[in-house]
Amino acid sequence: MAFPTLNWSRFTALVTGTMGDVAAPVSASNPLPVSAAWAAGESAQIGATNETAPATDTASSGLNGRLQRVAQRLTSLIALLPAALGSAAAASSLAVTASTEDVARTGAVAETAPASDTASSGLNGRLQRVAQRLTTLINGATATTRLLSAAASDNATLVKNAAGTLAQISGYNDSVSARWLKLYDKASAPASTDTPRKTHYLPPKSAFVLDNVGYFATGIGFRITTGSADNDTGALTAADILGLNVDVL
C-alpha cells in the first residue's frame, strides 16, 4: 500500500513565511490571522477579567461572569452549613422540617392511644396501644365469667359486648355424653341462628381446659348444646357442665 508523499516545500514555505499569503514566519508576535468579528465574539463569550456576575442564574453573561455567579451560590450554600459536621445540638444542625403528613404519621409526644387496635392513629399512639395490650397480657385475665352449674337449656351467655381475647376456658363435663361449646364473635347474646366462630368438643365425664382461644373483634358469647351442628338447639340436662370459667383479656 503506497502512502501519499508530503509536499515539504509548501510546508517549509508556510513556516518560513515565503508563501504568498503569509507575510512572515508564524510566531507569538506574528500569529496566524483571525478575523476581527470572530475575535470580538469570542471575547464576549469568555467575558472580561473584570466582568460583573449576572443578577440571576439565567441572565445573559460571559463564562467569567457565569463562574462568578456559581461561586456566589456556593458561598451562600456554605453559609447554611453548620461550622462542623457530625453530632451536634439542634441549634448547630441543619434545619429540617417534617411535612404535615409525616408529623401525623409519627404522632405527637402527647398523642393518645387509639380506642381499638384498628382505629386511626400515629405511630406513637399505636405503640401505646401495643404497650396496653402487652400489659394486659402480662397481668392476666381482666374478667372471668363463671357458670357454676349448667341449666337445662343451651345456656346462651354474652361474656363481653366489645372486642376481647379469650385467654382460657375451663370446666368439667359431668354428662355421660359429649357436649359442644359454641363460641360467637358478636356483641349480644348468641342464638341457634348465629354461626359460631369456634366449636369445641367437651368429652364426657372429663375436665377440659382450652388455652389461648383467640381474639374476638366484636364481642364474646357462648352456647352449650348436645349436638355439634351450628344450629343445634339440644338443651343440656341440668348440671351437665360444672365449674365453667371463661377468662377474658
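Good morning. The model is predicted, so local features are reported only at pLDDT of at least 70 and side-chain atom pairs only at pLDDT 80 or more, while totals for chains, interfaces and linings use all residues. Residues are numbered from 1 along each chain as its sequence is written, and side-chain values use heavy atoms, with hydrogens and water left out.

Let me begin with the sheet. Four strands form an open sheet in the order E1-E8-E3-E6, and their pairing is antiparallel. Strands here are DSSP runs of type E with at least two residues, numbered from the N terminus, and two strands pair if DSSP finds at least two bridges between them. Strand E1 (143-149) and strand E6 (206-216) stand at the edges with a single partner strand each, so one side of each has no neighbour in the sheet. On average, neighbouring strands of this sheet are turned by 10 degrees against each other, direction ignored; the axes behind this angle are lines fitted to C-alpha atoms.

Within the sheet, strand E3 (residues 164-173) and strand E8 (residues 241-248) run antiparallel and are joined by six bridges. Leu 166 stands opposite Val 248 in E8. Is Val 248 buried or exposed? Val 248 is buried, at a relative accessible area of 4%, where buried means under 20%, exposed over 50% and partly exposed in between, with a 1.4 Å probe and protein chains only. Its C-alpha atom is separated by 9.0 Å from that of Ile 220, 28 residues apart along the chain.

I turn to the core. A nonpolar core is a set of buried Ala, Val, Leu, Ile, Met, Phe, Trp, Tyr and Cys residues joined through side-chain atoms within 4.5 Å. The largest one has 20 residues, and Leu 166, Ile 169, Ile 224 and Leu 244 have the most contacts inside it. Two or more residues come from each of E3, strand E4 (179-184), E6, strand E7 (220-225) and E8. Counting contacts as heavy atoms within 4.5 Å, and leaving aside residues up to four places away in sequence, Leu 244 touches residues including Leu 147, Ile 169, Phe 208, Phe 222 and Ile 224.

Next, the charged pairs. A salt bridge is a side-chain nitrogen of Lys or Arg within 4 Å of a carboxyl oxygen of Asp or Glu, and the count comes to eight by this rule. In one of them, Lys 205 meets Asp 174 at 3.1 Å, N to O. Lys 205 lies in the loop between strand E5 (198-202) and E6, and Asp 174 in the loop between E3 and E4, 31 residues apart. Lys 205 is partly exposed at 44% relative accessibility, as is Asp 174 at 30%.

Asp 240 and Arg 179 form another salt bridge, at 2.9 Å, N to O. This pair links the loop between E7 and E8 with strand E4, 61 residues apart, and both residues are buried.

Finally, what does Asn 173 touch? Asn 173, found in strand E3, is buried at 0% relative accessibility. Among the residues it touches, not counting those up to four places away in sequence, are Arg 179, Lys 205 and Asp 240. A polar atom of the Asn 173 side chain also lies 3.0 Å from the backbone nitrogen of Ser 175. Thank you.

Definitions and conventions. Axes fitted to C-alpha atoms, helices over the stretch in contact; angles between N-to-C directions. Polar contact = N/O pair within 3.5 Å; in protein donor to acceptor, adjacent residues only side chain to side chain.
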